[in-house]
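Here is a friendly note to read alongside the model. Take the points in order, with the structure open beside you.

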Amino acid sequence: MIASGRIGTDVPRVDGLEKVTGAAQYTADLKFPRLLHVAVVRSPHPHARVLDVRTEKALRMPGVRAVVSGRDFPLHTGIYLKDQTVFATDRVRFVGDPVAAVAAETPEAALEAAALVAVDYEPLPPIFDVEEGIADGAPLVHPDLGSYEVVPWIRPKSGTNVCNHLKIRKGDYASALAGSWRVFENVFRVPQVQHVPMEPHVSVARVDLAGKVEVHTSAQSPFTVRHLLAACFGLSHGDVRVHVPYVGGGFGGKAGINLEPIAVALAMRCRGRWVRFMVDRHEEFYATVVRQGLTATLVTGVDRSGKVQAQKMHYLWNCGAYGGYGVNIVRSAGYTCGGAYEFPNVEGDSIGVYTNRPVGSAYRGFGMQEIHWALEQQMDKVALEIGMDPVEFRLLNALGAGKATVTGQVLDEHAGRVDLCIRSVADEIGMDPGRQKTPYRGKGIACAVKAPAMPNDAASSVVMKFAEDATLEILIAGIDYGQGLMTVVAQFAAEALDIPVEMVRVRGCPDTDLSPYDWQTVASRQTWATGNAVLRGAEEIRRKLCDTAGEALGVPASELILRGGAVVHEATGRSLPLARLVMGYQFPDGHAIGGPVASATSYLPEGLLFLDPETSQSAKPVAKWTFGAQAVEISVDPETGQVTVERIAACYDVGRVVNPGLIRGQTYGGIVQGLGTGMMEELLVDTKTGRAMNASLMDYKIPSTEDVPAEMVVDFVETPQKDGPMGARGIGEHTMIPTPAAIANALYDACGIRISEMPITAEKVWRALKEKERAASEAGVAPAVPASVTA
Amino acid sequence: MPSDLDFLSPTSVDEAIALKAVPGTAWLLGGTDLLPQMRAGRKAPGRLVDLKRIPGLHEIREVADGGLSIGAAVPLADVEVHPDVLDRFPLLAECAKTVGAWPLRQRATLAGNLCNASPAADTAVALLALEAEVEVASTVGRRTIPIREFFLGPGLSALEPGELVTAVVLPGASAGFRGSYLRLSRRKGMDLATVGVLVGKSNGTLPARWRVALAAVAPTPLRLRAVEELLEAKGAAAASEAAEAARLACRPITDLRGSAEYRREMVGVLVRRGALSLG
Ligand SMILES: Cc1cc2nc3c(=O)[nH]c(=O)nc-3n(C[C@H](O)[C@H](O)[C@H](O)COP(=O)(O)OP(=O)(O)OC[C@H]3O[C@@H](n4cnc5c(N)ncnc54)[C@H](O)[C@@H]3O)c2cc1C
């Protein structure tokens with residue numbers, strides 16, 4: 001049935017013209033009559049009791065329309081764990097925690113009034129590190145943790161700072177460890193980083209005189225925003241309407257709910273007025289959300305053949321002040337704790353810990369880059385210590401058909417081939433073990449795997465309908481913030497119905513009043529889930545068109561096919577163009593049949609099973625896995641510590657390449673983002689004051705164009721995903737997962753040093769080289785390669 | 001940033017000077033230092049006097065001794081590609097092209113980089129090495145400040161209140177120095193220097209004259225005359241000795257871009273490399 005030609009080809013972005021001409025509207029571009037502006041009163045303390053909030057002076061300021069604080073809105077929100085109120089009520093938990101907010105006629109009046117809100121605090125001892133957070137007797141960030149509402153598959157520990165703990169117990173770890181030939185233990189760390197989207201968060205809200213709430217927001221998940229707003233304000237979903245215009249980057253930071261409750265809270269106090277809450281770059285850094293920090297302790301026991309027999313993974317996540325979303329990263333990192341490898345005996349613990357740092361949340365990769373930073377360096381270290389080639393060691397231990405993941409899920413032959421990805425990138429970079437080595441040039445490899453981390457019933461749906469000229473309109477509620485969702489949706493529909501892509505219009509800026517339901521644009525799930533819904537919709541449309549055409553042509557519908565924008569009866573050569581069918585067919589005598597052709601279809605992952613609460617064993621905990629690998633060649637300046645990524649190769653088993661240009665774009669972008677977090681990014685918090693020290697683009701660096709590696713070679717394996725649309729599986733996040741670890745492994749190959757804490761900065765490399773030189777001279781041996789080389 | 005800011009665009013230097021008499025007035029060139037500082041709340045002028053409409057401040061012209069005068073309003077993007085600069089004062093072009101990124105340099109000026117008096121000002125090292133002179137005007141008249149007297153501390157210069165920089169003059173005697181500006185930063189594109197080292201050597205004169213100047217490793221940009229003398233006496237063979245002297249002479253601090261220790265070591269590395277490259 002399915003024709004070919006539009007899948008696997010470089011169909012240009014359907015939103016490209018709008019974006020390059022500036023026609024595309026983002027939330028901050030929208031014009032609203034008599035707009036009110038917002039300023040937020042934020043906590044200057046990392047941890048304190050809020051004794052009193054006095055807003056009278058602020059309210060009396062000219063131009064001020066509303067001032068709200070914690071006592072006005074006591075309900076909790078949070079996507080998985082409801083641990084946050086709109087404004088702090090009795091306690092603030094990080095520097096930046098909202099305490100009150102002002103809506104005023106001008107931004108200046110709002111700021112001035114915010115400064116007049118008087119707050120009395122009683123400072124409490126803060127905690128910043130996970131180790132402090134789990135220590136006995138640690139100050140509690142959430143003393144009421146036990147009373148919070150939580151989904152059944154997240155397990156907070158009342159009376160502690162642990163907001164979730166997922167345990168993996170597979171096989172018999174203790175005996176396997178005891179029986180191991182050699183055992184290795186290492187600790188790795190990842191700091192908090194920020195998403196730095198080009199467009200900072202912004203939400204505009206109005207509550208009309210009849211009480212209906214309307215929001216325009218830069219978000220990844222209009223329906224989840226609606227759902228959580230309704231819960232947080234005690235409203236019917238029917239009275240909340242969320243629009244998402246084009247979004248200028250999210251990377252997870254706009255998943256779930258963010259600024260919307262503050263805008264809505266203010267809008268409730270000035271009915272009929274639009275209220276816009278727009279953070280500036282400084283607030284974006286410390287007061288929206290960040291990626292969680294990680295401390296990972298790994299123990300690996302191998303046998304003489306190099307097969308890992310015992311593997312312990314202890315992940316401590318620094319969740320920051322709230323874990324509403326982050327708790328699911330803890331879970332995801334738990335059931336993926338073994339990465340792309342088959343470990344027969346596993347003790348895994350993934351533990352989320354509250355601290356008084358900025359709020360951890362979703363970030364492209366959802367914990368995977370962090371755990372791969374640890375795992376992939378560990379695998380490299382173990383291989384080298386036992387004298388095995390790191391590529392061979394990975395292949396020997398890799399997951400694949402017939403092998404079981406840490407949850408005991410046995411993969412089948414459709415699951416994707418990490419072995420092929422490893423070989424592809426190793427060949428491209430030239431990692432053969434006998435290779436000639438050049439001092440201070442090195443090669444490294446790292447694997448990657450990720451499954452969508454979502455509730456088992458996370459669904460996507462689409463509405464497809466025709467205009468009179470047979471233009472096909474597809475309503476989706478997935479967000480295209482650059483990854484190309486709108487384009488692949490058009491490709492799938494055009495392919496399935498054999499119509500030109502130009503005949504398809506994807507309505508990609510959702511409005512919850514009009515668009516069909518979609519859970520969220522996260523988890524690399526849109527091409528797959530919305531793609532599946534589109535194929536189902538196309539099938540329904542095809543059936544309706546053929547039914548009408550069959551009656552019109554007087555042939556059985558089953559003998560008709562869609563070809564080139566027409567319904568065709570091949571046996572007789574008769575056909576009808578779609579334009580004569582989409583609004584109903586009219587016979588020569590005037591009577592008409594059929595009617596406007598449309599469909600509404602959805603996709604929900606099938607057969608997913610909860611994890612066992614004690615061991616996390618499950619035959620199908622997730623919908624799919626996407627495997628991949630990256631290898632990199634770097635050079636190191638031994639005197640300055642500067643590392644240059646010369647070449648990088650990436651390969652993923654994506655099931656099916658739907659659009660080569662878009663997937664290459666995703667991969668290049670992921671590599672560069674991986675390079676950023678791997679080599680330069682870290683949100684620093686001053687542990688004396690709790691303040692973010694580098695919350696600006698001057699002090700917090702992400703890669704610029706000049707930092708992009710000179711050569712990026714991208715390859716794909718296509719093992720079709722059984723339940724993927726035309727075989728496709730997710731790829732959006734995976735592209736940044738292995739990059740830092742591959743660079744770290746290349747650094748060891750280049751000069752024998754390891755950086756266990758991300759990022760790999762020049763100064764850290766320089767220090768490690770000096771340390772190595774010192775250690776070597778103390779031991780009385782000359783370093784293998786001279787540490788001081790003249791340029 | 002206040003929204004009720006006054007903005008004035010005089011067309012002569014005298015007018016611009018007169019307007020500054022009102023308290024809370026700041027002069028504006030490219031604004032690439034001033035506006036971020038205002039946004040961050042570190043400066044709060046009530047009115048801005050834009051100097052870019054003043055015709056005389058826009059030219060790069062030759063002066064009597066064979067040097068060049070660069071008007072205060074000339075953007076760095078014009079300085080770095082100017083044929084006379086490239087031909088006779090290439091060290092200035094080397095430094096200018098490291099400031100921010102190309103779009104920024106369409107607005108950012110040489111005079112602005114000086115007046116801001118940042119220890120990390122990239123063009124300052126070239127101006128120190130080339131013994132530039134800063135021409136200033138005020139209600140009391142005009143004077144010339146030798147560059148070695150210009151920088152007093154972070155954000156502090158020898159400009160008196162009300163003194164306007166009209167041009168920066170590169171003396172003819174400094175023409176012909178070649179060399180390189182070696183600069184480390186956290187990323188390759190658009191970042192302030194963690195350490196900047198300029199090493200230059202005269203072309204054709206015997207004995208050769210050397211220039212060594214440093215950015216971001218002391219409260220002001222530094223010129224190291226003693227290190228230059230060492231190289232003048234012994235040539236590039238003394239690169240390591242020069243590196244050691246420079247390492248000891250700098251006074252770096254630890255900040256978000258790097259530690260004092262790393263910076264000091266890097267001064268040594270870069271001075272040695274710069275000297276060897278001119279050997
Ligand atoms: C993104 C970015 C990146 C940057 N990167 C670098 C970098 O890599 N290296 C670097 O050195 N700098 C950098 N800077 C700083 C800045 O761009 C430079 O210092 C620039 O040269 C300043 O010139 P301007 O014309 O913009 O000065 P302005 O901001 O207009 O003025 C600077 C100061 O001088 C005063 N002033 C202006 N004109 C006069 C005058 N005629 N007489 C007396 N005082 C005057 C102003 O009131 C102000 O205080 C960067 C800035 C930004 C925003």
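1. Start with the shell around the ligand, which by class has 16 nonpolar, eight polar and seven charged residues. In this sorting Ala, Val, Leu, Ile, Met, Phe, Trp, Tyr, Cys and Pro are nonpolar, Asp, Glu, Lys and Arg are charged, and the others, Gly among them, are polar.

2. A word on how to read the values: this is a predicted model, in which local features need pLDDT of at least 70 and side-chain atom pairs count only at pLDDT 80 or more, while totals for chains, interfaces and linings use all residues. Residues are numbered from 1 along each chain as its sequence is written, chains are lettered from A and ligands numbered from 1 in the order in which they are written, and side-chain values use heavy atoms, with hydrogens and water left out.

3. Which residues come nearest to the ligand? Of the 31 around it, they are B:W27, B:G31, B:T32, B:D33 and B:T109. A residue is counted here if one of its heavy atoms lies within 4 Å of the molecule.

4. Next, look at the polar contacts (pairs of N or O atoms within 3.5 Å; within protein, one must be able to donate a hydrogen and the other to accept it, and residues adjacent in sequence count only if both atoms are side-chain atoms). An oxygen atom of the ligand lies 2.8 Å from a polar backbone atom of B:L29.

5. On its own the ligand has 990 Å² of accessible area, and the protein covers 88% of that. These areas come from the Shrake-Rupley method with a 1.4 Å probe; for residues, only the protein chains shown count as cover.

6. Now turn to where the two chains meet. The contact (heavy atoms within 4.5 Å) takes 26 residues from chain A and 22 residues from chain B. About 2100 Å² is buried between them, with carbon and sulfur atoms giving 50%; buried area is the accessible area (1.4 Å probe) that two parts lose on being put together, summed over both.

7. How many salt bridges are counted between chain A and chain B? The count is six, where a salt bridge is a side-chain nitrogen of Lys or Arg within 4 Å of a carboxyl oxygen of Asp or Glu. The side chains of B:E261 and A:R767 meet in a salt bridge, at 2.8 Å from N to O.
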